[in-house]
Amino acid sequence: MNNCCTVACDTFLEYDTPRILLINNRTIGVLNRLVQLVILAYVVGWVFMWEKGYQEFDYPFSSVTTKVKGIAFTNSTEFGEHIWDAPEYVIPPQQETSFFVMTNFIITKNQTQGQCPELPSEQTRCKSDSDCAKGQHSRHSNGILTGTCNKEENTCEVYGWCPVENDTVIPKPAILGEAENFTVLIKNSITFPKFQFSKRNIMPNATASYLKVCSFDEELHPFCPIFCLGYMVRKAGEDFQTLSVQGAVMGILIEWNCDLDQSASKCIPKYTFERFDKSYGRAVSPGYNFRFARYYKNENGTQARNLYKAYGIRFVIKAFGEAGKFSIIPTMINIGSGLALLGMATIVCDIFVFNFLKKRNYYKEKKYKYVKDEELVQPYEQPIPGWCC
């Protein structure tokens, strides 16, 4: 037991110190320089050049406002000849970092509150009044059941806004297919608070006359802040006329990657476009739609409304990115990390020398030496020859 304690104590209290061993072997020398070269290339090429390890970074606060313009003419049975402008098809007029353009709709005109039969379906069909429980309703109902079975439609009657909406047939092609040619002005301002740096996507040299005629194009007008709706949808790999029937959700991505060690004029936005609600295979409840109503008083003074089920494209704008600027702290940290990584060359070479070379046992003997405290000879225990006592 005492021996075990002694061994454990000696092992715990051992001290090791590095020993330098110079090995004159070209294979090991080449391996050592090769590993050092790889580490050096990683530190200089990847950490400092590509990842800009000498910079500190900040992320932007962003503000986005939009203004849609365009006029469409329609001639339908519901409206007759009608001119559509932005106040009618942009709903609501302003949203936070997004906007919606109505491209198609189903209108139910002249609704008033009263009693009327439900639309025929498995849940609403009836044969007698007993099939219509008075006062009941479900999430699919258009009103409260009155307890009466309508003999003409063979459906239960409800108390609600009548006549009830029939949204089973969606207009094709879309009523406002001309929205493909509408344009939107996107004003985006970003701020990197750490560096007290701000920038707009409208370049300082842009003039009012230029903004009246330009339209964004990656090659012709890459800095124009006015975008054609059809152009953005095509860049996302979609067909505008197809999407306009049932609607969709599109993304406008504005990427700001700024190197503030360079001129501020080189800090420019990069635009990409993507469909967010893209589905694969047969989709349930595809597209994007919602309902709204416009109320008025009819000739009798009764409150009435026109109910719209609006289909359209919702454009969501996301501004993101980062800005970097030289700082001594990350520079010194990465230099220190790089110097520490160079020590990996020694570890790799030691593994190779002591495990794979034929003379590995010989090198181990030269590398490691075990010294016990009892082997030390004190000067007063054994006089050195030539000394006078």
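Guide: Start with a definition: a polar contact is a pair of N or O atoms within 3.5 Å, and within protein one must be able to donate a hydrogen and the other to accept it. Keep in mind that this is a predicted model.

Visitor: What makes the side chain of N306 and the backbone nitrogen of N110 a polar contact?

Guide: The side chain of N306 reaches the backbone nitrogen of N110 at 3.0 Å.

Visitor: Why is N306 called buried?

Guide: Buried means under 20% relative accessible area. N306 has 15%, so the word applies. Among the residues that N306 touches are I107, T108, K109 and N110, as well as F292 and Y296.

Visitor: Which strand holds N306, and how do you know that β5 and β14 pair?

Guide: N306 lies in strand β14, residues 303–326. Two strands pair if there are at least two bridges between them, and eleven join β5 to β14, so these two pair. They run antiparallel. One of the bridges has Q111 with R305 as its partner in β14.

Visitor: What makes β5 and β7 a pair?

Guide: Six bridges join β5 to strand β7 (residues 155–162), and at least two are needed, so they also pair. These strands run antiparallel too, and G114 stands opposite G160 in β7.

Visitor: Why is β5 described as largely enclosed?

Guide: In strand β5 (residues 98–117), 14 of the 20 residues are buried, so the rest of the structure largely encloses it.

Visitor: Why is the contact of E238 with R275 called a salt bridge?

Guide: The cut-off is 4 Å between a side-chain nitrogen of Lys or Arg and a carboxyl oxygen of Asp or Glu. E238 lies in the loop between α5 and α6 and R275 in strand β12, so the pair ties together parts 37 residues apart in sequence.

Visitor: What about E238 and K278?

Guide: Their side chains meet at 3.8 Å, N to O, which is within 4 Å, so this is a salt bridge as well. K278 sits in the loop between β12 and β13, 40 residues from E238.

Visitor: Are E238 and K278 buried or partly exposed?

Guide: E238 has a relative accessible area of 16%, under 20%, so it is buried. K278 has 44%, which falls between 20% and 50%, so K278 is partly exposed.

Notes. Residues numbered from 1 in each chain as written. Predicted model: local features only at pLDDT ≥ 70, side-chain atom pairs only at ≥ 80, totals over all residues. Heavy atoms only, no water. Helix = DSSP H or I, 4+ residues; strand = E, 2+ residues; numbered from the N terminus. Buried < 20%, exposed > 50% of the residue type's maximum accessible area, 1.4 Å probe, protein only. Contact = heavy atoms within 4.5 Å. Lists of a residue's contacts leave out its neighbours within four places in sequence.
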